[in-house]
Amino acid sequence: MTATSTFGLSSEARNLHWLLTNLVEEVPGLQSVAVVSSDGLLLLSSDPGHNAEARTADSVKPKGPKGSAADLATIVSGIGSLTLGAAKLMDNGGVKQTMVAMDEGSLFVMAISDGSLLGVHGSADCDMSVVAYHMALFVGRAGHVLTPELRIELRKSLEADASGSA
């Protein structure tokens, strides 16, 4: 996880950290995961080093987009905004999930609640249906607890970790 410790966090924040860790550890082929607020700020992210496949993968290749959770958050936010705009133009309601299949990987973006997004970067050999299923489980469990207060707490936790590691 980006946050090295959940000490001092509320039970809801610790639960979200646990859900994200569980997602990364349980789903083969995940390289990085990010939860992004509706305004594009990173709230929670995985550390590819916690994923067993990432530990055994070729260490020369970056584990995520340029190896950075902030880069994944930017991509997820941009894709979320683009697909939301497209859905509005087509008058088809909200966007539930977006999937981008690439030659050497996949990107999944799923709406959580009130504009927050879950983004997953997967390897080329990940099972897309398994990833989508586990993302839906995460969204179902996280959506009702991702309140404005919790988003503020998660953001402050990330900022504190960033200033502590600088």
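Leaving aside neighbours within four places in sequence, Leu118 is in contact (heavy atoms within 4.5 Å) with Val33, Ala34, Val35, Phe108, Val109, Met110, Ile112, Met135, Phe138 and Val139. The model is predicted, with local features requiring pLDDT of at least 70 and side-chain atom pairs pLDDT 80 or more, while totals for chains, interfaces and linings use all residues. Residues are numbered from 1 along each chain as its sequence is written, and side-chain values use heavy atoms, without hydrogens and water.

Leu118, Leu16, Val35 and Phe138 touch the most other members of the largest nonpolar core, which has 28 residues. Such a core is a set of buried Ala, Val, Leu, Ile, Met, Phe, Trp, Tyr and Cys residues joined through side-chain atoms within 4.5 Å. Elements that each supply at least two of its residues include α1 (11-26), β1 (30-36), β5 (117-123) and α4 (128-142); helices (H or I, at least four residues) and strands (E, at least two) are DSSP runs, numbered from the N terminus. Helix α1 gives the most, with 6 residues. A second, separate core of 11 residues includes Leu72, Ala73, Val109 and Leu158.

The buried residues of helix α3 are Leu72, Ala73, Val76, Ile79, Gly80, Thr83 and Ala87, where buried means under 20% relative accessible area and exposed over 50% (1.4 Å probe, protein chains only). Seen down the axis of α3, the directions from the axis to the C-beta atoms of these residues fall within an arc of 135 degrees, so the buried residues line one face of the helix. On the other side of α3, Thr74, Leu82, Lys88 and Leu89 are exposed.
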